[in-house]
Amino acid sequence: MCNFASMMEMITSVQNPKVKQLLLLQQKSSERKKTGLFVVEGRRELMHCLEAGYELDTVFVCSQLETGVEPMPTLPSGVRLLEVSKAVYEKIAYRGSTEGVVAVVRSRQLRLSDLSLSPHPLIVVVERVEKPGNLGAILRSADASGVDAVVVCDPLTDLYNPNLIRSSVGGFFSVPSVACSSEECIAFLKEKGIRILTAQLQDSHVYYDTDMTVGTAIVMGTESTGLTDLWRQAADAHIRIPMLGKIDSLNVSVSAAILMFEAVRQRSAYAHHS
């Protein structure tokens, strides 16, 4: 195990090549894809990352900052540990907190065939959702509701976007997530006998009248255009959340959370009565 005594000399310039690459990884999806690396910021997030078995490449630490109550996770031996000045850390830190740690981590690409599903799986599918903050919030709720996996179809943002990881508050590391095409996902769900429920306003039933105790995929589209016809036609049932006000839609992450916890409620009630 390594410790702070093994750190290299202080990096004081944002022109340092390692710092410049870190900034590129934060800003550019193309750089993350090209290098197979992504960025994790914060001590709690780094702990979740290590617990999920991800391999660290480099950890940047600023010991000049007040770090609050979160302890520094124990790092595996062989991890490159670099000290940065407070000025450099303020440039590389994605958020305003002062935990003093940013890590570069090796990514890994899960496929649908890699998923380990429970006997009656609950899967959340999102199609063409653009905002990484929404995807992160969905992963956070997926962790809380015990979802087997989140599948991002035809993604408009990559799964290693720093905003997604940050807003998931660790859910990114605890919930298996896969990026694939809608066609691939539909074929997978049909093959596994998982019921497809599409969230849509048209031709739909209220969500709490739809059975979610069996293997279920809850499928969400974008707030602006909803789901494509491909999903509507593949669905076993169409569901909606009743809207009692003047606005006709909710944020996609809020809608997803409502539907996930309805599945939890139904399954809890079913287990209690069976």
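Arg108 lies over the face of Tyr54, 3.8 Å from the ring centre (a charge sits over a ring if NZ of Lys or CZ of Arg is within 6 Å of the ring centre and within 35 degrees of the ring normal). This is a predicted model, where local features need pLDDT of at least 70 and side-chain atom pairs count only at pLDDT 80 or more, while totals for chains, interfaces and linings use all residues. Residues are numbered from 1 along each chain as its sequence is written, and side-chain values use heavy atoms, with hydrogens and water left out.

**Exercise 1.** Find out how the rings of Tyr54 and Phe173 are arranged, starting from the pair Phe38 and Phe172.

*Solution.* 
- Step 1: The structure holds eight aromatic pairs. Rings of Phe, Tyr and Trp (its six-membered ring) pair if their centres lie within 6.5 Å; planes under 30 degrees apart count as stacked, over 60 as edge-to-face and the rest as tilted.
- Step 2: Phe38 and Phe172 are edge-to-face, because their ring centres are 6.1 Å apart and their planes stand at 65 degrees.
- Step 3: Phe38 belongs to strand E1 (residues 37–41) and Phe172 to helix H7 (residues 171–174), so this pair ties together parts 134 residues apart in sequence. Helices (H or I, at least four residues) and strands (E, at least two) are DSSP runs, numbered from the N terminus.
- Step 4: For Tyr54 and Phe173, the centres are 5.4 Å apart and the planes at 80 degrees, so this pair is edge-to-face.
- Step 5: Tyr54 sits in the loop between helix H3 (43–51) and strand E2 (56–61), and Phe173 in helix H7, 119 residues apart.
- Step 6: Ring pairs link Phe38, Tyr54, Tyr160, Phe172 and Phe173 into a cluster.

**Exercise 2.** Is Thr216 buried or exposed, and which residues is Thr216 in contact with, leaving aside neighbours within four places in sequence?

*Solution.* 
- Step 1: Thr216 lies in strand E10 (residues 216–220).
- Step 2: Thr216 has a relative accessible area of 1%, so Thr216 is buried (under 20% relative accessible area; exposed is over 50%, partly exposed in between, with a 1.4 Å probe and protein chains only).
- Step 3: Beyond those neighbours, its contacts (heavy atoms within 4.5 Å) include Pro121, Leu122, Ile123, Asp211 and Arg267.
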